[in-house]
Number of protein chains: 2
Amino acid sequence: MLDKLFSPKSIAVIGASNRPLTIGYRIIQNLKDIGFKGPIYPVNPKDPEINGFKAYPSITAVQGNVDLAHIVVKNTMVPQIMEECGKKGVKAVIINTAGFKEIGSDGIALENQVVEIGRRQGVRICGPNCQGVMNTEESNPVYANFTYTRIKSGFISILAQSGGVGEVINQRLSELGIGIRMYASNGNAADVSIPEILQYWAGDDKTRVIILHIESLANPHEFIEVAKRITPLKPILGIKTGRTELGARAVASHTGSLMKADTAVESVFKKCGIISFNNQEDICQCAIAFAQQPIPQGRSVGIITNTGGPGIITTDECIEGGLNIAELSEETRTHLKSHLFPEATVSNPVDVLATAGPKEYAIAIESLLSDPKVDSVIINFITPFFVDCEGVAREIKRISAEAKKPLLAVVMTDKKQWAGTLEIIKSSGVPVYDLPETASKALVALTRYGEYRSSELGVRSEVMFNDVNIAETRKIISDTKKSGREFLSLGEALAVLYNYRIPSAKFVLVERLEDIPSAVNYVGFPLVLKVDAPEIIHKTEEKAVFLNITTKEALKDVIDNISKKPSRCDIGTRYLIQEYLTGGREVIIGGNYIESLGHLIMFGLGGIFVEVIKDVAFAINPLSRLEVEEMIHSIKGFKILAGVRGQKPVDMDKLVEIMLRVSQLLNDCPEIKEIDLNPIMLYPEKERCSVVDVRIRV
Amino acid sequence: MLDKLFSPKSIAVIGASNRPLTIGYRIIQNLKDIGFKGPIYPVNPKDPEINGFKAYPSITAVQGNVDLAHIVVKNTMVPQIMEECGKKGVKAVIINTAGFKEIGSDGIALENQVVEIGRRQGVRICGPNCQGVMNTEESNPVYANFTYTRIKSGFISILAQSGGVGEVINQRLSELGIGIRMYASNGNAADVSIPEILQYWAGDDKTRVIILHIESLANPHEFIEVAKRITPLKPILGIKTGRTELGARAVASHTGSLMKADTAVESVFKKCGIISFNNQEDICQCAIAFAQQPIPQGRSVGIITNTGGPGIITTDECIEGGLNIAELSEETRTHLKSHLFPEATVSNPVDVLATAGPKEYAIAIESLLSDPKVDSVIINFITPFFVDCEGVAREIKRISAEAKKPLLAVVMTDKKQWAGTLEIIKSSGVPVYDLPETASKALVALTRYGEYRSSELGVRSEVMFNDVNIAETRKIISDTKKSGREFLSLGEALAVLYNYRIPSAKFVLVERLEDIPSAVNYVGFPLVLKVDAPEIIHKTEEKAVFLNITTKEALKDVIDNISKKPSRCDIGTRYLIQEYLTGGREVIIGGNYIESLGHLIMFGLGGIFVEVIKDVAFAINPLSRLEVEEMIHSIKGFKILAGVRGQKPVDMDKLVEIMLRVSQLLNDCPEIKEIDLNPIMLYPEKERCSVVDVRIRV
């Protein structure tokens, strides 16, 4: 466990200094300022005393036990220091020093050496090239970090890959008067990893919500495994930076070309139930609500206001975020009518009027909280100078102490004049926002998390089909590789589908042009003729596909046409005669293998939709039935599958089954780098749903 | 002009009071606090002295001149007070009192009476049911408003329909330390209107940017006329509340059903170049940049940072907002390389490193400002404790004094510890943001405004076609109305298109079923047969349209089919034989008449796109060529018109012409309540582009 890192009883600072503008000075000062209770051992070969503490020439010269050593010496000195730490029995180190993996080969070797020493000596490492850790636990506060922000105790823990981003979030929370629980920025993460820290905080009762900043994931699988066990119990709010950066990625396939720079990390967040943000302000404001309020049981919000405008804004934002404006019960409305001012609005949003005082606010809040149709309450309060505002604040505090539903306040006021009022509400644990927009966003996040937690998405049942032929599929793939090809021929790809019982349009494959006419009977007219040569990838563009051939005469013309191009009659070229499907709704399923992540599966509407609107959903393989259903419902064009203009819906069960079979295929065969089933024709009738074209790269 | 309202030399407060928790007390106190320089005359029949000022029993008892009277008496007393004000020669009044138009018929009568008195006596009225005005002009400061927020002098003027929203914006700016110029919330706007105030501020040099809050517009045309003359010279930032509210609106047409609650106001903002926001925080933060910085000449931003994370976030946000990350010139990069630290990143974003001090920051900022490829600069600054941060701030201040390009700073710091650093930058006029996200949003708004101002959109050339037949069109419309019908028959609607030279698919109209076979020759096969009876509106659904009839035999079957339904052969029913167009790209043009606004014209892709994706653009009639082109380019499906998969583009000129002709038709005939041209088939060939179906409601 990471107790020695986050809750050390004694700390050495190796590279401590008496010069105030150095990190070696700053860390000791920070430990003093936060009131670290155990011994602090500055290590410095020259000074006998540092910042009032007795200093030691080396870590081994320290007499007492050392749980944690904070290392700020030159990078090349770190291995020797690590050896000494091991000898001394130090349990954990924070290596601030840069000049490791991030600078290339020399640094990588140095980092490996340091990690090796740590393993051998039983010393856990945070870093190198990192900021450090903080912990506000009253019995053992720690500030082993060179930043400057004063922190107070709270329930939000922050884990940031970039110290810069982590510190901005920390500062913002501090400025908002919100405490944090623990903080870590572990830089190169050579030893102690992000999943390990998440796991540790999962077991920390005073961490109620985790803010996580990610730039890139070293080991997505481990991350997903850990995070998805945590999120049903404790919310993780994630922020990813580098969204528009163009990372290296394959673009040979449709699926690949539709991926954005952040698709992979977004998919990871989704897979393990992390709530995703792309704005530091939003993640801070929402974290406050998670830290202080219960999770709503449903989407219906009750809104109270004492002036029109903010009530309207709250309504706009909540509806746009997918919440419902609760329809109040008859009982609630009657109660409000008889206890509020006669001109008050007793439907939702409830306008208690500018003249409303403590009594009116109390009645409104209590009525909404006790209405079974209301899941959460936002209180808007513009502080009129002629109202007993502190009285209103005291009522909010009194009621919130017993409230079982989340309560968020928006206090629009001059913060200096009404400091007392604000302080009373803040001390109640009800988050106080400046603007209705912000409170609404926080409530939307809280509600979404509640839905995630109560859904079965956390529990992913694996679906397995037993009727598939893995052996035959692997053979096709290995034959392709052996022959030095990257792409399966169309015939091979169709065989793979057959092996996984993924239905494709009826077809016959012949090796000679002259065999075509006699082969068409099985397929029937109208038909499609495709020239199947391994080097022909984009068939339509290369004029290797002939659609909608309706008669024998037309077929003959096509055959004549082909026979005139010698390149279309090479050895190894085959001809695929396929039934021509019309009138179906086209979808596309794709899969792309991402290094260290596995397959990312894409689903979207085919044809124009995917090309023009890029209306697609991604998820990380393997997929559960619920994930598949969620992907299908999440695309904008879902209505087309459900049927527009009186059309019947396509057979959704069959679509789900096809996606699950593709998922299993990719899980069984990680050698498949890319797969595009494009298009798949869907119909209301299960048995007509078929893949029309497929491309597989290995 | 409104000088007497915003810059009165003397003010009376009618209904002044000595009780501190009353509005009558508060206003006098506010005038004292802001240091109003002229005489203040409290009017109160009982007290001889109010808050240290001699009080008068009535306004007529005041000896000196009174420019402005602030009225806070009971609503029923207002008419009498107005008469007295007129007698006294008061030039303007602010009526705080509620209980007028907003309470229904009695209130409307009272308001009309008050307005009548004002007109007769030459007294301008702000309100009733309003907050009042503020002005920070040093030579004549005014705080004629009952709110509490302390304001300081600045360049942002705020005009809010809702006093609640206006006050929240005012408070937020105050909290951010940003001054305002003038403020007005004019409530019921019985006399002094929003356009009038905008016009007044347009002429006020110290108002550099206007924040405008709108709930609904009383007179959109006047508003547009005024605002569109202002925006090319002075930016107006608009916020509309009530976006998700469902207002009353016609939904018989496609166009109507695609309108959202805020489509009309959004279209008004767009028509007159108002930059639209839907978040109070964003509008405040962006206004600061408009108030303090020049407008960029282009989209290319230069980014400086001293730590990686914030640089990445700035990049993400700028790109997502449509800006370019400037590619620095070779010269700039060479210069940076030789003057920054060796490990610094000299491409954009420029990472000067955490150790960068005043010298390095100065070099980076000056280099980017002088690079012709850079239009604007964002400076990210995390304040390291080991750096001379105040020195960096002084360099920013020094450079900004001469800068011709906008410069925005993001200072991520502990505000108490680095208060001095922040103060230096703020005093330079460079806006200081907490987060890179916020600065980026502000720069995006600044850049968009620059593009608007330099485009010709402000200058709307009217396009007029002289080949149209207005008289014949008006006759068709008036005949329809005379016959008590709401909808034109299809034949009539097609005739309207013909009168406006809007091309439609070739057709023949016959009155008897038996005339059909001999009429088809003109049209030819394949054809469409439509039963044209006034009561048949949704033709497809009512089985009154028969598509793709390819042979004489098929036509005969259809005719037999129709003849069996007596209701399809009523007197007045006609039969339209139309050529059946295939292979074109479908678009839809619609128009909806909105009370007091005129026609809102819609453009979108037809068929599935409009139904499923609701991918449409709206603009207020009349349309200029540039507006039409902007509408066409703004839809997501534009690529389809431009051609996908090697398709040729449709004839855009013809599409523009059709839209302009529809615009002219609606302008000429305001009696048309709704028009749907759906679908219009477009082709690469100009002469093939034709309207297939049309519906007109009058």
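Predicted model: local features only at pLDDT ≥ 70, side-chain atom pairs only at ≥ 80, totals over all residues.
Helices here are DSSP runs of at least four residues, numbered from the N terminus. Keep that in mind, since helix numbers turn up throughout this tour.

**A helix and its salt bridge**

Let's start with helix H17 of chain A, which covers residues 470–482. Here the side chains of A:Asp479 and A:Lys475 meet in a salt bridge, at 2.9 Å from N to O. How far along the helix do the two sit from each other? They are 4 residues apart in H17, so about one helical turn separates them. A:Asp479 has 31% relative accessibility, so it counts as partly exposed. A:Lys475, at 44%, counts as partly exposed too.

**Chain A as a whole**

Now zoom out. Chain A has 698 residues, and buried ones make up 60% of them. Its secondary structure comes to 24 helices and 30 strands. If you draw a box along the principal axes, the C-alpha atoms of chain A fill roughly 95 × 80 × 35 Å. What share of the contacts in chain A with a separation of 6 or more comes from residues 24 or more positions apart? The share is 71%.

**Salt bridges between separate parts of a chain**

Over all chains, the structure holds 74 salt bridges. One of them joins A:Arg299 to A:Glu451, with the closest N and O atoms 2.5 Å apart. This pair links distant parts of the chain, 152 residues apart: A:Arg299 is in the loop between helix H10 (280–292) and strand S15 (300–305), while A:Glu451 belongs to helix H16 (residues 436–454). Are these two buried, exposed or partly exposed? A:Arg299 has 39% relative accessibility and counts as partly exposed. A:Glu451, at 30%, also counts as partly exposed.

Chain B has an example as well: B:Arg398 pairs with B:Glu366, the closest N and O atoms being 3.3 Å apart. B:Arg398 lies in helix H14 (residues 389–400) and B:Glu366 in helix H13 (residues 358–370), so this pair ties together parts that are 32 residues apart in sequence. B:Arg398 is partly exposed, with a relative accessible area of 42%, and B:Glu366 is partly exposed at 35%.

Here are some of the salt bridges side by side:

| Salt bridge | N to O distance |
|---|---|
| A:Arg299 and A:Glu451 | 2.5 Å |
| A:Lys415 and B:Glu175 | 2.6 Å |
| A:Asp479 and A:Lys475 | 2.9 Å |
| B:Arg398 and B:Glu366 | 3.3 Å |

**Where the chains meet**

How many residues does each chain bring to the contact? Chain B gives 62 residues and chain A gives 62 residues. Between them the chains bury about 5,200 Å², 60% of it on carbon and sulfur atoms. The interface has 2 salt bridges, and A:Lys415 with B:Glu175 forms a salt bridge between the chains. There are also 6 residue pairs in polar contact across the interface, both residues being at pLDDT 80 or more.

On the chain B side, the elements giving two or more residues include helix H2 (23–34), helix H5 (163–175) and helix H11 (308–320). H11(B) supplies the largest share, 8 residues. What kinds of residues make up this side of chain B? They divide into 23 nonpolar, 18 polar and 21 charged.

Finally, look for a network of salt bridges linking A:Arg172, A:Glu175, A:Glu281, B:Lys415 and B:Asp434.

Key: Residues numbered from 1 in each chain as written. Chains lettered and ligands numbered in written order. Heavy atoms only, no water. Contact = heavy atoms within 4.5 Å. Buried area = accessible area lost by both parts, 1.4 Å probe. Salt bridge = Lys/Arg side-chain N within 4 Å of Asp/Glu carboxyl O. Polar contact = N/O pair within 3.5 Å; in protein donor to acceptor, adjacent residues only side chain to side chain. Nonpolar A, V, L, I, M, F, W, Y, C, P; charged D, E, K, R; others polar. Buried < 20%, exposed > 50% of the residue type's maximum accessible area, 1.4 Å probe, protein only.
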